[in-house]
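Here's a quick tour of one model, with an eye on aromatic rings and helix packing. Have a look at it first, then read on.

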Amino acid sequence: LQSGTCFVRPYGGEGFHWLRPQLWKSLFGAQKGLFFHWPLLLLGLPGTVILWRRSPMAGAALTMHGMAMVHLTSAWWSWEYGDSYGPRPYLDHLPVAAVPMTTLLGSFTRRAARILWWSLLPFIALQLFHAWQYTVGIIHPFNMDLEKWRAIRLRTDASWRGALGGDLEPPPYAPC
C-alpha cells in the first residue's frame, strides 16, 4: 500500500552471488571476518560436536542454521556490509552461537571451566580495546586489512585517529 505496487525491490541492482559466496573472507578475513573479529566464537566448533553427541537433532539444527547463515551472509554482493566494526550481519545470530559455546563450557569440570574463563579474559579485553579504537576513529569502518591491523595494533595516541584515510563509500558508490 505504501509503495503503490505489489512487488518492491528496495535494493535495485544489488543482490546475491549464490554460486560465488565470499566464505573465507566472511569467516576469516581481516576486513570483516567473523572469527578474525570474534575469535572466541571458535569455541562453538567443538561445542557443536558435543551438542551433536548429546542431541543429534539439536546438533543438526544448529549446523544447518550456521551453514545457511554463513552462505547467505557471504553471498550478498557486498559481503562486508559497509561501514561498521566487525561482521555486522552476524550480530543477530550471536545468541545462537552461545548455545554450542555454553555446551562446551558445561562439559568441563568446574576447575577446568574456571581456568578457561580466566584464559578468555585477555581476548575479551582486546575486543573491548578494539571497540574503543573503532569508536575514536583509529580502526577504519570499511577499509581494514591485515597490514592496517598491524599498523594500529595497540595504538591509542590521538595522532592515529583517522590515520587510515577518509570514510569513502565502497564500490559501486565510489568515488564519493
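Is Phe35 buried or exposed? Phe35 has a relative accessibility of 13%, so it counts as buried, the cut-off being under 20%. Bear in mind that this is a predicted model.

## Aromatic pairs

There are seven aromatic pairs in the structure. A pair of rings is described by how far apart the centres are and by the angle between the planes. Take Trp24 and Phe28: their ring centres are 4.6 Å apart and their planes sit at 35°, so this pair is tilted. Stacked would need under 30 degrees, and edge-to-face over 60. Both Trp24 and Phe28 belong to helix 1 (residues 23–28), where they are four residues apart, or about one turn of the helix.

Trp24 has a relative accessible area of 63%, so it is exposed, while Phe28 is partly exposed at 35%. Phe28 also pairs with Phe35: here the centres are 5.3 Å apart and the planes at 40°, so this pair is tilted too. That takes us from exposed Trp24, by way of partly exposed Phe28, to buried Phe35. Elsewhere, Phe16, Trp18 and Trp76 make up one aromatic cluster.

## The two sides of helix 3

Now for helix 3 (residues 44–54). Its buried residues are Gly44, Gly47, Thr48, Ile50 and Leu51. These cover an arc of only 165° around the axis, so they fall on the same side of helix 3. Turn to the other side of helix 3 and you'll find Leu45 and Arg53 exposed.

So what covers the buried residues of helix 3? The cover includes helix 4 (56–75) and helix 5 (94–106).

## Helix 3 against helix 4

How do these two helices cross? The axes of helix 3 and helix 4 come within 5 Å, at a crossing angle of roughly 140°. That makes helix 3 oblique to helix 4, because roughly antiparallel is kept for angles over 145 degrees.

On the helix 3 side, the contact is made by Thr48, Leu51, Trp52 and Arg54. Helix 4 brings Pro56, Ala58, Gly59, Ala60, Leu62 and Thr63. Sorted by class, this contact has six nonpolar, three polar and one charged residues.

Definitions and conventions: Residues are numbered from 1 along each chain as its sequence is written. This is a predicted model: local features need pLDDT of at least 70, side-chain atom pairs count only at pLDDT 80 or more; totals for chains, interfaces and linings use all residues. Side-chain values use heavy atoms; hydrogens and water are left out. Rings of Phe, Tyr and Trp (its six-membered ring) pair if their centres lie within 6.5 Å; planes under 30 degrees apart count as stacked, over 60 as edge-to-face and the rest as tilted. Buried means under 20% relative accessible area, exposed over 50%, partly exposed in between (1.4 Å probe, protein chains only). The arc is that of the directions from the helix axis to the C-beta atoms. Contact means heavy atoms within 4.5 Å. Axes are lines fitted to C-alpha atoms, for helices over the stretch in contact, and angles run from 0 to 180 degrees between N-to-C directions. Angles under 35 degrees count as roughly parallel, over 145 as roughly antiparallel, 65 to 115 as roughly perpendicular and the rest as oblique. Ala, Val, Leu, Ile, Met, Phe, Trp, Tyr, Cys and Pro count as nonpolar, Asp, Glu, Lys and Arg as charged, and the others, Gly among them, as polar.
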